[in-house]
Amino acid sequence: MTEGTTTSAAAEAGDTMTRLEQEGEIAADYLEGLLDIADLDGDIDMDVEADRAAVSIISDAGSRDLQKLVGRDGEVLEALQELTRLAVHRETGDRSRLMLDIAGYRAKKREELSELGANAAADAKSSGVPVKLKPMTPFERKVVHDAVKAAGLRSESEGEEPQRFVVVLPA
């Protein structure tokens with residue numbers, strides 16, 4: 001690799017990081033406005049994870065109020081994430097892949113799904129038969145696919161939204 005190529009790659013990585021940080025700032029402003037309107041207390045935490053902006057709403061006082069923003073099975077959280085992505089798109093003109101977490105819901109869900117994926121991989125390995133999981137959101141399927149890959153197996157998504165599900169394939 002030449003020095004010019006290395007410098008170009010570093011500049012591109014810096015541009016990407018700046019863009020993702022800007023997405024986080026726009027999202028934080030949008031969500032702060034939402035919290036004010038809903039009269040809910042919460043702190044906004046911004047980060048960049050796996051080449052996407054990650055924004056979390058956390059609360060020191062019990063997160064019971066924030067649970068309203070999560071909803072049943074994360075339905076409200078998914079809708080707020082989509083609205084936040086639209087707010088970022090409106091400001092930047094670029095499609096956002098921003099991830100939103102509220103009161104640690106998505107982090108806890110990620111742990112549960114990683115365990116589910118690892119268990120399904122173990123079942124597929126021991127039985128030699130594909131393991132079909134229940135329908136999941138795109139976020140949930142991604143976490144399961146990653147866990148299956150880490151276990152050394154392959155998985156695929158099948159079906160149509162909202163009934164799309166993961167099938168873990170034996171070796």
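The legends below describe close-up views of a predicted model.

**View 1. A patch of negative charge on the surface.**
The patch gathers Glu21, Glu25, Asp29, Glu32, Asp36, Asp39, Asp41, Asp43, Asp45, Asp47, Glu49 and Asp60. Helix H1, residues 3–38, and strand E1, residues 43–49, each supply at least two residues of the patch. H1 gives the most, with five residues. Aspartate 41, one of the patch residues, lies in the loop between H1 and E1. Aspartate 41 counts as exposed because its relative accessibility is 63%, and the cut-off for exposed is over 50%.

**View 2. The largest nonpolar core.**
This core has 17 residues, of which Ile57, Leu69, Leu100 and Ile102 touch the most other members. At least two residues each come from H1, strand E2 (52–58), helix H2 (64–70), helix H3 (75–92) and strand E3 (99–102). H1 gives the most to this core, with four residues. In soluble globular proteins, nonpolar side chains tend to be buried together.

**View 3. A salt bridge in helix H1.**
A search of the whole structure finds ten salt bridges, and one of them joins the side chains of arginine 19 and glutamate 23, at 3.1 Å from N to O. Both residues lie in helix H1, four residues apart, about one turn of the helix. Arginine 19 is partly exposed, with 34% relative accessibility. Glutamate 23, in contrast, has 3% relative accessibility and so counts as buried, the cut-off being under 20%.

The side chains of arginine 85 and glutamate 82 meet in a salt bridge, with an N to O distance of 3.7 Å. About one helical turn separates arginine 85 and glutamate 82, because they are three residues apart in helix H3.

Arginine 141 and glutamate 161 form a salt bridge in which the closest N and O atoms are 2.8 Å apart. Arginine 141 lies in helix H5 (residues 138–150) and glutamate 161 in the loop between strand E5 (154–158) and strand E6 (165–169), so the bridge ties together parts 20 residues apart in sequence. Arginine 141 counts as buried, at 7% relative accessibility. Glutamate 161 is partly exposed, with a relative accessible area of 45%. Side chains of opposite charge can pair when their charged atoms come close.

Terms used:
Residues numbered from 1 in each chain as written. Predicted model: local features only at pLDDT ≥ 70, side-chain atom pairs only at ≥ 80, totals over all residues. Heavy atoms only, no water. Patch = residues over 30% accessible without salt bridge, like charges linked within 9 Å, V, L, I, M, F, W, Y side chains within 5 Å. Areas by Shrake-Rupley, 256 points an atom, 1.4 Å probe, with all protein chains shown as cover. Salt bridge = Lys/Arg side-chain N within 4 Å of Asp/Glu carboxyl O. Lys, Arg positive; Asp, Glu negative; His and termini not counted. Charge placed at Lys NZ, Arg CZ, Asp CG, Glu CD. Buried < 20%, exposed > 50% of the residue type's maximum accessible area, 1.4 Å probe, protein only. Core = buried A, V, L, I, M, F, W, Y, C linked by side-chain atoms within 4.5 Å.
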